[in-house]
Number of protein chains: 2
Amino acid sequence: MEHPERYFPMWEELTAGERETLLDSATYRRVKAGTILHSGKEDCVGLFLIVSGQLRVYIMSQEGREITLYRLFERDICLFSASCIFTAQFDIMITAETDTELWVIPAPVYKKLAEKSAILANFTNTLMADRFSDVMWLFDQILFKSFDKRLAGFLLEESIVEGGGPVRMTHEKLAAHLGSAREVVTRMLRYFQNVGLVRLSRGEIELTDKKSLETLAR
Amino acid sequence: MEHPERYFPMWEELTAGERETLLDSATYRRVKAGTILHSGKEDCVGLFLIVSGQLRVYIMSQEGREITLYRLFERDICLFSASCIFTAQFDIMITAETDTELWVIPAPVYKKLAEKSAILANFTNTLMADRFSDVMWLFDQILFKSFDKRLAGFLLEESIVEGGGPVRMTHEKLAAHLGSAREVVTRMLRYFQNVGLVRLSRGEIELTDKKSLETLAR
């Protein structure tokens, strides 16, 4: 089992007191698949450190339509579940997709420590900037370029050409077909893999959820 | 003229050395309306402290379509122009809409200071979380609820009823008409005002850019 300290790359730079506070405050939780861990903007439990299992972070419309922002796996940290650390509000949902074990560091404890520790505050900054960048990129692609739709459609067509098997095509070539750039294809494929639509391996793209890809492509 | 220290609410809590470094590194810039201050993800000039004028922060598609994220006015701080402070990349544009004067604090200087200062690092955190929250909310409303479209359409219709004059209706009532919540109406109206579509005053909503509202409503 991963202990809380493993999640903080700069653990050794924290003071003994800070480390003790983090360890003492961390509680271990086991949740069943389907458990809602964060709903809307009111919840503010704390920092989640994922030990095993799988969490899904998504936004939801009033009509129940959803967009998955990302999934969290073993060794990931979830910041949204502690959004009251900041004054800002985030209207997001987090659910466990499989039975999941996690450490929870209470938001007030983390907040108080980060107020005094430049190391912790900068760590939070990096986590948040990475997520912010991912979300901006995703929305940009979805809103403007419908690139998720187009890639899903193209992969389905190619899979038919391959007799229903995995798509064997470099990201470079996919980009050329779709009038995009290799980096964009790679990043969107990683997003597809993260949300369970495909599995990537050397030179191959396996379509693991054709039904959802079809919905997306429509 | 606002001096750099006015932009940092926690100025007094910084050390004398930190304050000196910030003041010494800040350069004063005057830019003409139309100047592009940040383009795509490569640029990383520094923190912008707006003295006067108006900057627009937006994302742009390959086809040239744009979504304004927000505008920055006197006393605002722009963090995106210093995104290399973090490892993350943000593919955004910033242009001056009017002649603008600003202080620029070079990104490497700010980064180095924030690495040692919990106060500065937490200040960055708050700025980023606020922007992140705004952007998430905006995308949520646009992607899922097309609420921008619906509100624009409704305001135009109401303005016709009022003989082309300002719309006289409480946010509460607007929300009831649109099947939404008062907070959502208020926040979207503030966004509309920020991007120059309306002007809000006591009990009135003046439509200052009907053409753009019509494009949006379509």
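**Arg75(B) is placed in the loop between strand 5 (66-72) and strand 6 (77-78) of chain B.** The model shown in this and the following views is a predicted one, in which local features need pLDDT of at least 70 and side-chain atom pairs count only at pLDDT 80 or more, while totals for chains, interfaces and linings use all residues. Residues are numbered from 1 along each chain as its sequence is written, chains are lettered from A and ligands numbered from 1 in the order in which they are written, and side-chain values use heavy atoms, with hydrogens and water left out. Strands (E, at least two residues) and helices (H or I, at least four residues) are DSSP runs, numbered from the N terminus. Although Arg75(B) is not a glycine, its phi is positive, at about 80 degrees. With a relative accessibility of 42%, Arg75(B) counts as partly exposed, a class that lies between buried (under 20% relative accessible area) and exposed (over 50%), as found with a 1.4 Å probe and protein chains only. In chain A, Arg75(A) is found in the loop between strand 5 (66-72) and strand 6 (77-78), has a positive phi near 80 degrees and is partly exposed, its relative accessible area being 43%.

**Chain A is made up of seven helices and 10 strands.** The C-alpha trace of chain A spans about 60 × 35 × 35 Å along its principal axes, and 50% of its 218 residues count as buried. If one takes the contacts in chain A (heavy atoms within 4.5 Å) between residues at least 6 apart in sequence, 69% of them join residues at least 24 apart.

**A hairpin in chain A is formed by strand 9 and strand 10, with two residues between the strands.** Strand 9 (residues 198-201) and strand 10 (residues 204-207) of chain A run antiparallel and are joined by four bridges, two strands being taken as paired if DSSP finds at least two bridges between them. Leu200(A) stands opposite Ile205(A), a residue of strand 10 of chain A. Within this hairpin, Gly203(A) takes a positive phi near 70 degrees.

**Phe8(A) and Phe123(A) form a tilted aromatic pair, 5.4 Å centre to centre and with 55 degrees between the planes.** Rings of Phe, Tyr and Trp (its six-membered ring) pair if their centres lie within 6.5 Å, and planes under 30 degrees apart count as stacked, over 60 as edge-to-face and the rest as tilted; this rule gives 13 aromatic pairs over all chains. Phe8(A) belongs to the segment before helix 1 (16-25) of chain A and Phe123(A) to helix 3 (residues 118-145) of chain A, so the pair ties together parts that are 115 residues apart in sequence. Phe8(A) is buried, at 2% relative accessible area, and Phe123(A) is buried at 12%.

Since Tyr28(A) lies in strand 1 (residues 27-31) of chain A and Trp103(A) in strand 8 (residues 100-106) of chain A, the pair ties together parts that are 75 residues apart in sequence. Tyr28(A) is partly exposed, with 26% relative accessibility, whereas Trp103(A) is buried, with a relative accessible area of 12%.

**Ring pairs link Tyr70(A), Phe80(A), Phe132(A), Tyr70(B), Phe80(B) and Phe132(B) into a cluster.** Over the ring of Tyr70(B) sits the charged end of Arg131(B), 3.9 Å from the ring centre; such a placement is counted if NZ of Lys or CZ of Arg is within 6 Å of the ring centre and within 35 degrees of the ring normal. Arg56(B) lies over the face of Tyr58(B), at 3.9 Å from the ring centre.

**Four strands of chain B form an open sheet in the order 1-8-3-6, with antiparallel pairing.** Strand 1 (27-31) and strand 6 of chain B stand at the edges, each with a single partner strand, so one side of each is left without a neighbour in the sheet. Strand 3 (residues 46-52) and strand 8 (residues 100-106) of chain B pair in the antiparallel sense over six bridges, and Ser52(B) has Glu101(B) of strand 8 as its bridge partner. Helix 2 (residues 107-116) of chain B packs on the sheet, where it touches strand 3 and strand 8 of chain B, and its direction makes about 50 degrees with that of strand 8. For such angles, axes are lines fitted to C-alpha atoms, for helices over the stretch in contact, and the values run from 0 to 180 degrees between N-to-C directions.

**Helix 5 (residues 171-178) and helix 6 (residues 182-194) of chain B cross at roughly 105 degrees, their axes coming within 8 Å.** The two helices of chain B, helix 5 and helix 6, are therefore roughly perpendicular to each other, a term used for 65 to 115 degrees, while angles under 35 count as roughly parallel, over 145 as roughly antiparallel and the rest as oblique. The contact is made by His171(B), Glu172(B), Leu174(B) and Ala175(B) of helix 5 of chain B and by Arg182(B), Val185(B), Thr186(B) and Leu189(B) of helix 6 of chain B.
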